[in-house]
Amino acid sequence: MTPETPTNRLDRPVDEAYDHILGPPDAEITLVEYGSYADPSSRAAHERVAEMRNRFGNRLRYVFRHRPLPGSDIARRAAELVESYSDPARFWHVHVALMTHAATLTADDLHTIAADQILEEKNAPRNEEGTLGAKARVDADVESAEASGVIVTPTFFINGRRYDGPWDANSLSEAMLGSLGHVVHAAALDFAKWAPSTGILLLLTTAIAIALSNSTFGPDFNEFWDQPFGIIFGDAAFDLSLRHWINDGLLVIFFLVVGLEIKREFTVGHLASRQSAMLPVAAAVGGMVMPALAYLLLVPEGPEGAWSLGWGVPMATDTAFAVALIAMMGRRVPIELRVFLTAAAIVDDIGAIIVVAIFYTDELRGSYLAGAAAITGLLALVNRSGIYRASPYVFLGIGLWACIHASGIHATLAGVILALFIPTRPPPNLRALMLQADAILTAETKRDKEVMRYGPSEPSLEALDAIHERLESPAERMLRHVAPRSSYVVLPLFALVNAGVAVETGALGDQMALMFGTAVALVVGKPLGFVAAAALAVWLGIATKPATYSWRQLAGAGALAGIGFTMSLFIASQAFELESDFAAVKIAIFAGSIISAIIGTAILWNARSDSN
């Protein structure tokens, strides 16, 4: 999960009195382009824009804003030249002249175009004051492009939303017409890019699970998840209940994502240096140890020692909810604090699965453990051999899951182990790859009018596929594809299956000590251990706290770390065998998480970064 997602919305609305506009102000479609006159792609897109204007007529309003190629003096001079004309019609004449210039743009070309356009004195470029105004206008457009998430030129915005698809005529038309497929796809992308979306979805599925569990459908709802599902082959069978397929199977995907994220952060991310990594690691360790101690001090062993293993429940932090809340506070919370909390929560999740693997395993089967060790060795060998295809790792990962599951250790550990061996690779030579792709596309363009030829040749497509594959490592590619499925499928399903609890207050009287101790461990133990361990690491000199956030803000993040939810429910499902105990702990987890969220939000809402 990324701490900050680039915007995909236009930073400022179209201004009829300021922007360069073609088309009526009441047009139903507004197409905004950030382009550069020295960019061949922008000049090629100019033809598509003209085609769109002819196709849509008065239904389309076209707006051009400048985003000169970074580092290109001629691109900047061209943008300032076109802005130096007072007459809007003259602006568009020069704009078209620059966009339709076939060869590489030069300084002589700018002089020629300017000379051709100066027909009358009133159309001449402005005086020095006007020139300065042109520079300011280009600067304003460049700032607008950056604020709108523009990375390359041309970039289009359709009715205020960035268009990330191909800009051929048919694709642009489909997007501008708002076909059902495009609308659904755009809405899904918008929701996924919204930082709190995962937390909102988890909250929704939790509410559904609780509502169904307390309705007349409650018994049927719970029995449904206990239905067996599996494979039968002759006398052999492998089946699990739907609940176990989700808790032991699908949840592996979540831990695979967690492992890939922490691997990225500790290799090339925000935690690549020892000093930057130690603060969230120390905070996470303290945030696991202190709640466990608080639980052991406050909660008795219970009937026949049934509560003694519950100390792992308050150790966990729900990354999705914690980061969602901190993201919803926007600029009140420094991005560095969001990175810190995300990293600490990820370390916390890794610690939780290790705790489950070590302390919540009833019986170990040596033969299957040996099989898991052998597959792990094969993963290491495949990694060392420089194999970057994902399929060998996926197949070995399935075998690893089966062996770990059969060994008696919780199978989700397979996700973390697999993440360690999915390879990264040296950064690509982007310039060489782009030159190669450009050469292939140029050759294909020259051949596109051959008889009986429809599209690129197969060798060219294979070469382009190889270039695309080299642009990112297998670990990055898998994280990009798997992370959304973890956030929007796996975790909501887990919450739907496990969060349901029938609230019967009269039946919970015997579990009050269990509920109270669990909730206090989350609300008090978590932030106390979180802040104390971080302060100790800074005092010992093994970590440094960035000056961008204060200790009060760090304490607020520690309070948010008390939101256990998903991971706490997961550990509780392993720690408590009696349904009544499990139900009581669920209520304690919900109560402790809600209180932690309120306290953390209240602390961060009015905290200031400079109050160190």
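1. Salt bridges: searching the whole structure turns up 15 of them, where a salt bridge is a side-chain nitrogen of Lys or Arg within 4 Å of a carboxyl oxygen of Asp or Glu. Keep in mind that this is a predicted model, in which local features need pLDDT of at least 70, side-chain atom pairs count only at pLDDT 80 or more, and totals for chains, interfaces and linings use all residues. Residues are numbered from 1 along each chain as its sequence is written, and side-chain values use heavy atoms, with hydrogens and water left out.

2. Take E28 and R59, whose side chains meet in a salt bridge at 3.1 Å, N to O. This one links distant parts of the chain, 31 residues apart: E28 sits in the loop between β1 (20–22) and β2 (29–35), and R59 in the loop between α1 (40–56) and β3 (60–66). Helices (H or I, at least four residues) and strands (E, at least two) are DSSP runs, numbered from the N terminus. E28 counts as exposed at 52% relative accessibility, while R59 is partly exposed at 36%. For the cut-offs, buried is under 20% relative accessible area, exposed is over 50%, and partly exposed lies in between (1.4 Å probe, protein chains only).

3. E80 and R76 also form a salt bridge, with the closest N and O atoms 2.7 Å apart. The two are four residues apart in helix α2 (residues 73–83), so about one helical turn separates them. E80 counts as buried at 17% relative accessibility, and R76 as partly exposed at 22%.

4. D226 pairs with R243 in a salt bridge, the closest N and O atoms being 3.2 Å apart. Here again distant parts of the chain are linked, 17 residues apart: D226 is in the loop between α9 (218–225) and β6 (228–233), and R243 is in helix α10 (residues 242–267). D226 is partly exposed at 44%, whereas R243 is buried at 17%.

5. On to helix packing. The axes of α19 (residues 474–498) and α22 (residues 565–575) come within 11 Å and cross at roughly 50°; axes are lines fitted to C-alpha atoms, for helices over the stretch in contact, and angles run from 0 to 180 degrees between N-to-C directions. That makes α19 oblique to α22 (under 35 degrees is roughly parallel, over 145 roughly antiparallel, 65 to 115 roughly perpendicular, and the rest oblique).

6. In that pair, L491, F494, A495 and N498 of α19 meet F565, T566, L569 and F570 of α22, contact meaning heavy atoms within 4.5 Å. By class, the contact has six nonpolar, two polar and no charged residues; Ala, Val, Leu, Ile, Met, Phe, Trp, Tyr, Cys and Pro count as nonpolar, Asp, Glu, Lys and Arg as charged, and the others, Gly among them, as polar.

7. How many of the 11 residues of α22 are buried? Nine are, so α22 is largely enclosed by the rest of the structure. Among them are M567, S568, I571, A572 and A575.

8. Last, α20 (residues 512–540) and α21 (residues 551–560) pack at an angle of about 140°, their axes 7 Å apart, and are therefore oblique to each other. From α20 the contact uses K526, P527, F530, V531, A534, A535 and V538, and from α21 W551, L554, A555, A557, G558 and A559. By class that gives 11 nonpolar, one polar and one charged residues.
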